[in-house]
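Here is a colleague's note for someone who has not seen this structure before. Please read the points below with the sequence and the model open.

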Amino acid sequence: MGRVIKFRKEFREFGWGKYEVLDTGNKHVLAHTRKSDKGFALVLHNFSAEEVKVKLKLEEPENIQDVFGDKRYEQFDPKNQEVKLSGYGYRWLHKIDKYL
């Protein structure tokens, strides 16, 4: 829990701004974004035991990187916007250029 609090303090975009739930095409995966003047955050949670891949449709997918997760994943590819999650996995990502 301490690690989560540390990330929330360091990456303020995870706690502020307009909240939007994204369609992942998978009923077991919750994806949402936060957008504000503090930044852009993308969060995904897999609520199943199976490894999954979901395809996102972000308007500005460039320069997004992982900052927190259940394990290290391959870097987010803005061209195909496909995100892999392990069983019960989670990923917190943020936009690295626009808000620094």
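1. Ser 86 touches Asn 46, Glu 50, Glu 51, Asp 70, Lys 71 and Tyr 73, leaving aside residues up to four places away in sequence; a contact here means heavy atoms within 4.5 Å. The loop between β6 and β7 holds Ser 86. With 12% relative accessibility, Ser 86 counts as buried. The terms are set as follows: buried is under 20% relative accessible area, exposed is over 50%, and partly exposed is in between, with a 1.4 Å probe and protein chains only. The side chains of Ser 86 and Tyr 73 make a polar contact at 3.0 Å. A polar contact is a pair of N or O atoms within 3.5 Å; within protein, one must be able to donate a hydrogen and the other to accept it, and residues adjacent in sequence count only if both atoms are side-chain atoms.

2. A word on the basis of these values. This is a predicted model, in which local features need pLDDT of at least 70 and side-chain atom pairs count only at pLDDT 80 or more, while totals for chains, interfaces and linings use all residues. Residues are numbered from 1 along each chain as its sequence is written, and side-chain values use heavy atoms, with hydrogens and water left out.

3. What does the chain consist of, in helices and strands? There are one helix and seven strands, and along the sequence they follow the pattern α-β-β-β-β-β-β-β. Helices (H or I, at least four residues) and strands (E, at least two) are DSSP runs, numbered from the N terminus.

4. The chain has 100 residues, of which 40% count as buried. Its accessible surface comes to about 6,600 Å², and carbon and sulfur atoms account for 48% of that area; the areas come from the Shrake-Rupley method with a 1.4 Å probe, and for residues only the protein chains shown count as cover. Among contacts between residues at least 6 apart in sequence, 57% join residues at least 24 apart.

5. The largest nonpolar core has 16 residues, and those that touch the most other members are Leu 42, Leu 44, Leu 56, Leu 58 and Phe 76. Two or more residues each come from β2 (29-36), β3 (39-46), β4 and β6. The largest share, three residues, is that of β3. Such a core is a set of buried Ala, Val, Leu, Ile, Met, Phe, Trp, Tyr and Cys residues joined through side-chain atoms within 4.5 Å.

6. How many aromatic pairs are there? The count is two, where rings of Phe, Tyr and Trp (its six-membered ring) pair if their centres lie within 6.5 Å, and planes under 30 degrees apart count as stacked, over 60 as edge-to-face and the rest as tilted. Phe 68 and Tyr 90 form a tilted pair, 5.7 Å centre to centre with 40° between the planes. Phe 68 lies in β5 and Tyr 90 in β7 (residues 90-95), so this pair ties together parts that are 22 residues apart in sequence. Phe 68 is buried at 7% relative accessibility, whereas Tyr 90 is partly exposed at 26%. Ring pairs link Phe 68, Tyr 90 and Trp 92 into a cluster.

7. Two backbone angles deserve a check. Asn 63, in the loop between β4 (52-55) and β5 (64-69), has a positive phi of about 60° although it is not a glycine. Asn 63 is partly exposed, with a relative accessible area of 37%. Gln 81, in the loop between β5 and β6 (82-85), has a positive phi of about 50° and is not a glycine either. Gln 81 counts as buried, at 10% relative accessibility.
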